[in-house]
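I opened a new notebook page for this one. My plan is to look up a few things and write down what I find.

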Amino acid sequence: MAQDRVSALGKIAVLDNPKDIAWGFLTKQGAVRKSWKTRWMVLRNDGCLYYFKTNKANESPLGVIHVKRDCTDVLAGDECTCSWPEKISVKACFGIVTSERTYYLYSANQDYAAIW
């Protein structure tokens, strides 16, 4: 992964690394406690969305969503069954549906959400 990462919340960019499509901060709902955690996300061209605790280089991922292999649907924020935080526009929210679970995510604004 790129050593040179963007640090601003919600910032997203296309990388020079051909393995990476996009990266930036998104906030993800936890599977068990349902709390919201901001994570550094990297979408690779192999269809995997890796998430990290921070955007520090050489950090191991906390997890991966195999979007290309496992995604059965992508939901707009208003189609999701979760309770979004009050301060967040539903237009900045989306869900990634897999056979195992639905990942609920939101970005800093709807423009960034549309990129993802």
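**Core.** I start with a term: a nonpolar core is a set of buried Ala, Val, Leu, Ile, Met, Phe, Trp, Tyr and Cys residues joined through side-chain atoms within 4.5 Å. Buried means under 20% relative accessible area, exposed is over 50%, and partly exposed is in between (1.4 Å probe, protein chains only).

Before going on, I note that this is a predicted model, where local features need pLDDT of at least 70, side-chain atom pairs count only at pLDDT 80 or more, and totals for chains, interfaces and linings use all residues. Residues are numbered from 1 along each chain as its sequence is written, and side-chain values use heavy atoms, with hydrogens and water left out.

Which residues make up the largest nonpolar core? I listed eleven: Leu-26, Met-41, Leu-43, Leu-49, Tyr-51, Ile-65, Phe-94, Ile-96, Tyr-103, Leu-105 and Ala-113. At least two residues of this core come from each of strand 3 (36-44), strand 4 (48-52), strand 7 (93-97) and strand 8 (102-106). Another core lies apart from it and has ten residues, including Cys-80, Ile-88, Ala-92 and Val-97.

**Overall layout.** I counted two helices and eight strands in the protein. Helices (H or I, at least four residues) and strands (E, at least two) are DSSP runs, numbered from the N terminus. Read from that end, the order is β-β-β-β-β-α-β-β-β-α. Of the 116 residues in the protein, 43% are buried.

**Met-41.** Skipping neighbours within four places in sequence, Met-41 touches Ala-22, Trp-23, Gly-24, Leu-26, Lys-28, Leu-49, Tyr-50, Tyr-51, Leu-105 and Trp-116.

**Strand 8.** Is strand 8 mostly covered or mostly open? Mostly covered, I found: four of its five residues are buried. Next I checked its partners; two strands pair if DSSP finds at least two bridges between them. Strand 7 pairs with strand 8 in the antiparallel sense over five bridges, and the two form a hairpin with four residues between them. Strand 2 (residues 20-29) also pairs with strand 8, again antiparallel, over two bridges. Leu-105 in strand 8 stands opposite Phe-94 and also opposite Lys-28.

**Gly-24.** This glycine sits in strand 2. Gly-24 counts as buried because its relative accessibility is 0%.

**Lys-34.** I found Lys-34 in the loop between strand 2 and strand 3. Its phi is near 65°, a positive value in a residue other than glycine. Lys-34 is partly exposed because its relative accessible area is 46%.

**Confidence.** Last, I checked pLDDT, the predictor's confidence in each residue, from 0 to 100. The protein has a mean pLDDT of 85, and 84% of its residues reach 70 or more. Residues 1-15 have pLDDT below 50, and this stretch has 45 contacts in the model beyond near neighbours in sequence. Where pLDDT is low, the predicted coordinates should not be read in detail.

Terms used: Contact means heavy atoms within 4.5 Å.
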